[in-house]
Amino acid sequence: MARGRTTRTSKKRIDLRAPRKRSKKARKTPLKRRPTLREALRTADRVARDRSNRRVHARKGLRTIQASLDIPLPEIGTIDFDEPEEHPLSMAERVIRFIIGILLTIPCAVTTITLFQRVSERDFTSKFWHTSEFFFFSIGCGICATWLLSGIFRKTWLYLYVLGHELTHVIFIYLSFGKVSGFSVGLDGGYVVTNKSNVLIALSPYFVPFWSLVALLVLTPISYFFPDLPHYRPVLFGVIGSTWTFHLLFTCWMIPRDQPDLKENETFFSLMLIILANIVLLSALLCFASPDLGWRDFVYNWYNNLLDLFVEPLVHRFDR
């Protein structure tokens with residue numbers, strides 16, 4: 001592109017063209033309402049307080065584990081609370097975790113293949129698909145998925161997911177002998193301030209269904225105190241199906257939204273670990289629900305698939 005001087009004249013350019021009409025599509029889409037001065041000041045104050053708190057936590061050597069929700073709020077628009085921070089991992093650590101992520105694709109593939117093999121067996125399909133446990137589990141999954149996709153009580157479900165997400169962080173912080181110095185939950189996301197962070201703390205909400213565990217902790221003792229309670233197992237499996245679907249759908253919805261939890265532990269490594277953990281969780285649910293699918297048989301088939309798909313081809317290649 002050639003460089004040169006540009007001359008400006010004092011004449012004003014007058015546009016004599018007729019104003020363009022808005023297309024039908026543009027007419028249907030409502031214009032975004034600009035925030036009022038009060039809403040803008042409230043938003044600025046909220047962002048300033050959040051950033052000030054993070055600077056104070058950083059000076060004290062505390063870490064902030066955050067769940068980011070990139071969604072527009074109807075009152076104040078989209079808010080970005082993130083600040084450009086240095087990546088906590090060095091280049092060598094990122095490369096090592098990326099290699100570990102590649103290696104994790106092997107157990108992911110073997111577990112998925114084993115799961116489909118066991119589910120597609122004749123004995124399993126002829127018995128399990130007709131059991132009451134699977135029937136009510138499927139009903140719970142269908143009701144929850146329909147309700148979430150319909151958008152009814154969307155803010156309530158979103159708040160419950162963020163609450164469960166941050167409480168899972170808190171539980172694993174205490175299990176790792178850490179301390180929690182700050183806790184916040186809202187429709188625009190949440191965060192936990194702690195003095196300790198690791199892979200398990202950061203990624204646990206993506207593969208631990210918090211509300212399913214709460215349902216088990218509440219409903220399981222009922223069977224001991226009231227062993228003859230009618231319709232207990234259908235209710236139990238229906239609630240587990242709905243809460244697990246709630247966890248799965250919101251996890252798939254959250255991951256593409258630029259989560260700091262994934263970035264600070266290397267994104268590819270984090271994704272492969274989350275996928276593997278959720279496949280193992282699904283296998284555990286099937287083993288728990290089906291009397292014909294035990295853990296011993298599943299692990300035995302998993303080991304044979306590992307030998308057939310990966311170990312033996314490598315041995316034959318090196319023997320040549």
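A residue counts as buried when its relative accessible area is under 20%. In this predicted model, the buried residues of helix α12 are F298, N301, N305 and L306.

**Helix α12**
- At L307 the helix α12 bends by about 40 degrees, and L306 is one of its buried residues.

**Nonpolar cores**
- The largest nonpolar core is made up of 17 residues, and those with the most contacts inside it are L104, L203, Y206, L262 and I274.
- At least two residues of this core come from each of α3 (91-119), α6 (154-175), α7 (199-203) and α11 (267-289), with α11 giving the most, at 4 residues.
- Once neighbours within four places in sequence are set aside, L203 is in contact with D261, L262, N265, S270, L273 and I274.
- A second, separate core has 10 residues, and C141, Y232, L236 and L285 are among them.

**Enclosed space**
- The structure holds 1 cavity of 30 Å³ or more, and the space in the largest cavity is about 100 Å³.
- The largest cavity is lined by 13 residues, of which Y161, V208, F210, W211 and H247 are the closest to its centre.
- Two or more lining residues come from each of α6, α8 (210-225) and α9 (232-254), and α6 gives the most to this lining, with 4 residues.

Technical notes:
Residues numbered from 1 in each chain as written. Predicted model: local features only at pLDDT ≥ 70, side-chain atom pairs only at ≥ 80, totals over all residues. Heavy atoms only, no water. Bend = angle between axes of the 7 residues up to and from the residue. Buried < 20%, exposed > 50% of the residue type's maximum accessible area, 1.4 Å probe, protein only. Core = buried A, V, L, I, M, F, W, Y, C linked by side-chain atoms within 4.5 Å. Contact = heavy atoms within 4.5 Å. 1 Å grid on protein atoms, 1.4 Å probe; cavity = no way out; pocket = protein on both sides within 12 Å on 5 of 7 lines; lining within 4 Å. Points joined across faces, edges and corners; volume = space filled by probe spheres on them.
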